[in-house]
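Thanks for coming, everyone. Please have a look at the sequence and the model on the screen, and then I will walk you through a few features.

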Amino acid sequence: MSSFRVSVLAAAILLCGGFLGVAQLSQEAAVSVSPVAVGDDTGSSVALALPTTTGGPRRRLQVAAGERPVIYTYYEQPTQYDPNDDSLDLIENWRKAWFDMGWNPIILSPQQAQMLPQYEQLMTLIPSEDLITPEAIRNYKRWMAMAYVGGGWLADFQLWPLNYFLRHGRALPYDGALTVYMGTNPVLVSGTGEEYLRLARQIGQTADKMIGHQKWLNENYPESYQKSVLWNDSIALMELRKNISKDMFKVRGDVVDKGRLQDKDGIFDCAVSEGKRGIFFRALKAKSPENRGSTARKFLNGWRNACEVGQVAELRAVKQNQ
């Protein structure tokens, strides 16, 4: 990823301190420019031109701007600079993938979490321990950011759309009850702002107990139980369902892991993805010289060619032979 793209995207997310959303995308070939709206706290916005490399034409669902449901993700700049980190490029490609499926993708930052009135109170629930990773704290903040913006759909930027579900984008399932769509792994979540706030509080309240228990195990059984990663929002959700109540939030299996879509020979299993809302690129690794964004886009295009185009061709062949 070019240094220009990194600097522009980082400035948009960190300095403008607002929402990074999609206003409009230009027609593009291999290299193009796509305008992105960067909003500030007052709701106003300015347009930035981001150069993008797509490796080919993109297929888009034509949806009027005012009819696009919003899909959020959350990004926080790591405290330590990593020259090999391609998260910003991955987010840019995530944004395009959701836009192409008819959504309005918006990137939330720590500023939204910090504007939640309950932010300081919720953060006190998290002990200042070296046992909690910076990533776990960042993931906890996304619940507060979603509560601040009033809820809706939240997707990890490694979660990309498979099949269309725009109707549920405009009207939340289960009347807005908090729903996690990959078991207790919150890579795709929906709910009202009140529901995100409720779960943020419940998730935070698990931290002290779980970390204390793990510290006791580490001290008394160091060889068997020594661990460095002890708590995150996914582990907390699992704990809540197991020991508090299975009705704490709704759980569905509408997300498929990338590893289940393709066998060792690279053949796509289209039946596995039938009816799924999204694909999760778990621990996605870049394939040199490509970055993770390009790798994910090529995989998704391969799936569409096999499972969408292939199915259409098969149906046409059946009709012709009837």
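**The aromatic cluster and its surroundings**

Ring pairs link W94, W98, W103, W153, F165 and Y181 into a cluster. By a pair I mean rings of Phe, Tyr or Trp (its six-membered ring) with centres within 6.5 Å; planes under 30 degrees apart are stacked, over 60 edge-to-face, and the rest tilted. The count by this rule is 14 aromatic pairs.

Before I go on, two notes. This is a predicted model, where local features need pLDDT of at least 70, side-chain atom pairs count only at pLDDT 80 or more, and totals for chains, interfaces and linings use all residues. Residues are numbered from 1 along each chain as its sequence is written, and side-chain values use heavy atoms, with hydrogens and water left out.

Back to the rings. Take W94 and W98. Their ring centres are 6.4 Å apart and their planes meet at 55°, so this pair is tilted. Both residues belong to helix 2 (residues 87–100), 4 residues apart, so about one helical turn separates them. Helices here are DSSP runs of H or I with at least four residues, strands are E runs of at least two, and both are numbered from the N terminus. Recall that an α-helix has 3.6 residues a turn, so residues three or four places apart point the same way.

Buried means under 20% relative accessible area, exposed means over 50%, and partly exposed is in between (1.4 Å probe, protein chains only).

Now helix 2 as a whole. Of its 14 residues, 14 are buried. From first C-alpha to last it reaches 20 Å, close to the 20 Å expected at 1.5 Å a residue. The expected span is 1.5 Å times one less than the number of residues. Just after the helix, G102 takes a positive phi of about 100°.

Strand 4 (residues 70–74) is mostly covered, with 4 of its 5 residues buried.

Next, the neighbours of strand 4. Strands pair if DSSP finds at least two bridges between them. Strand 5 (residues 104–108) runs parallel to strand 4, joined by 5 bridges. There, Y72 has I106 as its bridge partner. Strand 6 (residues 151–155) also runs parallel to strand 4, with 2 bridges. I71 stands opposite W153 in strand 6, and W153 is one of the cluster residues.

Last stop: the disulfide. The cut-off is two cysteine sulfur atoms within 2.5 Å, and the count is 1. C270 joins C307, S to S 2.1 Å. C270 lies in the loop between strand 11 (255–257) and strand 12 (278–280) and C307 in helix 10 (residues 292–320), so the bond ties together parts 37 residues apart in sequence. The torsion about the S-S bond is about -85°, so the disulfide is left-handed. C307 is buried, at 2% relative accessibility.

That is my tour. Questions, please.
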